[in-house]
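I opened this entry to keep track of what I looked up, one item at a time.

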Amino acid sequence: MPAESVAPPAPTGEDAGSRRIRRVVAVVALAAVVPALYLPGRVHDFFDLKIYMRAMDWWASGQPLYG
């Protein structure tokens, strides 16, 4: 029985340039959003986030996190 030939993968229409552009756009978007989330004095109205932020303040002041 002859060996079956394996066809190369079908082209997806993407090249390295378009992938690079998408990565750059994603990094720029992330770089714009992340600092906006942590601006000093910004009030978050999410209950869970307030708990986590208080825990970080507690831990940053030298208290044991799980004590």
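I started with the surface of this predicted model. Leu 30, Val 33, Val 34, Leu 37 and Tyr 38 form a nonpolar patch there, and together they have about 490 Å² of accessible area.

Val 33 is in helix H1, which covers residues 16-37.

I checked the record next. An unreviewed UniProt entry places a "transmembrane region" at residues 21-39. In the model, I found that span to be 89% helix and 0% strand, with its end C-alpha atoms 28 Å apart.

I moved on to helix H2, residues 47-60, and compared its length with expectation. At 1.5 Å a residue, its 14 residues should span 20 Å, and the end C-alpha atoms are 20 Å apart, so the two agree. Just after H2, I found Gly 62 with a positive phi of about 100°.

Last, I looked up totals. The protein has two helices and zero strands. Of its 67 residues, 1% are buried. I put down an accessible surface of about 6700 Å² for the protein, and 66% of that belongs to carbon and sulfur atoms.

Conventions
Residues are numbered from 1 along each chain as its sequence is written. This is a predicted model: local features need pLDDT of at least 70, side-chain atom pairs count only at pLDDT 80 or more; totals for chains, interfaces and linings use all residues. Side-chain values use heavy atoms; hydrogens and water are left out. Patches are made of residues with over 30% relative accessible area and no salt bridge: like charges are joined within 9 Å, nonpolar side chains (Val, Leu, Ile, Met, Phe, Trp, Tyr) within 5 Å. Accessible areas come from the Shrake-Rupley method with a 1.4 Å probe; for residues, only the protein chains shown count as cover. A salt bridge is a side-chain nitrogen of Lys or Arg within 4 Å of a carboxyl oxygen of Asp or Glu. Helices (H or I, at least four residues) and strands (E, at least two) are DSSP runs, numbered from the N terminus. UniProt positions are given in the numbering used here, feature names are shortened, and annotations may be inferred rather than shown by experiment. The expected span of a helix is 1.5 Å times one less than its number of residues. Buried means under 20% relative accessible area, exposed over 50%, partly exposed in between (1.4 Å probe, protein chains only).
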